[in-house]
Amino acid sequence: VPGVGKSTTIDALGMHLIELGHRVAVRAVDPSSTRTGGSILGDKTRMSRLAVHPNAYIRPSPTSGTLGGVTRATRETIVLLEAAGFDVILVETVGVGQSEVAVAAMVDTFVFLTLARTGDQLQGIKKGVLELANIVVVNKADGSHVAEAKDAARELSAAIRLIYPRESLWRPPVLTMSAIEGSGLQELWETVVRHREVLTEAGAFDSRRRAQQIDWTWSLVRDSVLDRVLNHPAVKELRPLVERRVRDGELTPALAAQQILDAADQRS
């Protein structure tokens with residue numbers, strides 16, 4: 001949910017974890033402009049305390065238009081940060097629904113952050129996002145909005161019970177939190193730790209990591225194939241004509257795609 005306070009939450013949670021003795025790295029993804037390709041990269045200004053702490057590292061990165069709001073290098077960066085001694089790595093996404101799928105396939109625990117005051121809580125949240133989440137957090141439960149947050153948490157808990165059967169290994173809990181006040185941070189972290197413990201005891205943690213490696217492999221294959229198609233000399237030559245014909249309604253997208261693939265099959 002845009003505007004839910006992701007950066008504020010990461011700043012507060014990161015500082016809490018540092019106080020517990022952890023070294024924290026943040027992979028913050030900034031949305032790129034679809035017009036200019038530019039990105040503000042302002043995460044360090046929104047995470048003012050973490051940005052200057054010696055036991056924290058923040059790496060902003062533009063999405064560059066890739067699915068999931070994450071760059072191709074995100075997985076490699078996570079591996080590098082682990083090797084550098086950071087034992088907690090937080091990945092912030094752009095928060096636009098389906099874009100979270102890519103992140104869910106590369107992290108151990110996926111936390112979905114939402115608000116109590118976004119109209120109809122359930123109508124505004126796609127079922128697929130709840131299915132991805134390992135933990136759901138209703139943020140900004142402070143001041144006069146505490147009751148709203150608790151009501152939203154009850155609604156979300158009821159929705160999750162419909163999605164996950166009783167015998168599920170892990171049914172995502174719904175928490176309330178105020179990042180700006182610091183309340184609920186300890187409960188959130190304890191839930192993250194408990195999620196890992198439950199999966200580890202059942203043997204699901206290692207199998208999940210192995211499945212992510214396979215997903216990573218095919219993701220790299222897809223990216224490489226797309227690059228080869230786009231950079232093929234015949235495709236580069238054909239692209240302006242195909243795009244113009246699609247734009248003018250002379251060619252359907254399906255036929256245009258086939259022409260591009262046929263051109264890519266030609267020997268360069």
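## Salt bridges and a nonpolar surface patch

Asp151 counts as partly exposed, at 36% relative accessibility (partly exposed lies between buried, under 20% relative accessible area, and exposed, over 50%, with a 1.4 Å probe and protein chains only). Asp151 and Arg154 are separated by about one helical turn because they lie three residues apart in helix α7, which covers residues 146-163.

The model is predicted, so local features need pLDDT of at least 70 and side-chain atom pairs count only at pLDDT 80 or more, whereas totals for chains, interfaces and linings use all residues. Residues are numbered from 1 along each chain as its sequence is written, and side-chain values use heavy atoms, with hydrogens and water left out.

The protein has eleven helices and six strands, taken as DSSP runs numbered from the N terminus (helices H or I, at least four residues; strands E, at least two). Of its 268 residues, 42% are buried. The protein exposes about 15100 Å², and carbon and sulfur atoms supply 54% of that area (Shrake-Rupley method, 1.4 Å probe; for residues, only the protein chains shown count as cover).

The structure holds nine salt bridges, including those tabulated here.

| Salt bridge | N to O distance |
|---|---|
| Arg209 and Asp108 | 2.7 Å |
| Arg245 and Glu250 | 3.7 Å |

Arg209 and Asp108 form a salt bridge; this pair links distant parts of the chain, since Arg209 belongs to helix α9 and Asp108 to the loop between α5 (101-104) and β4 (111-115), 101 residues apart. Arg209 counts as partly exposed, with a relative accessibility of 32%.

In the bridge between Arg245 and Glu250, Arg245 is partly exposed at 25% relative accessibility, and Glu250 is likewise partly exposed, with a relative accessible area of 47%. Through salt bridges that share partners, Arg244, Arg245, Asp248 and Glu250 are joined into one network.

Helix α9, residues 204-231, also contains Trp218, which is exposed with a relative accessible area of 52%. Together with Ile214, Val221 and Val225, Trp218 forms a nonpolar patch on the surface, with about 390 Å² of accessible area in total. Patches are made of residues with over 30% relative accessible area and no salt bridge, like charges being joined within 9 Å and nonpolar side chains (Val, Leu, Ile, Met, Phe, Trp, Tyr) within 5 Å.

Definitions and conventions. Salt bridge = Lys/Arg side-chain N within 4 Å of Asp/Glu carboxyl O.
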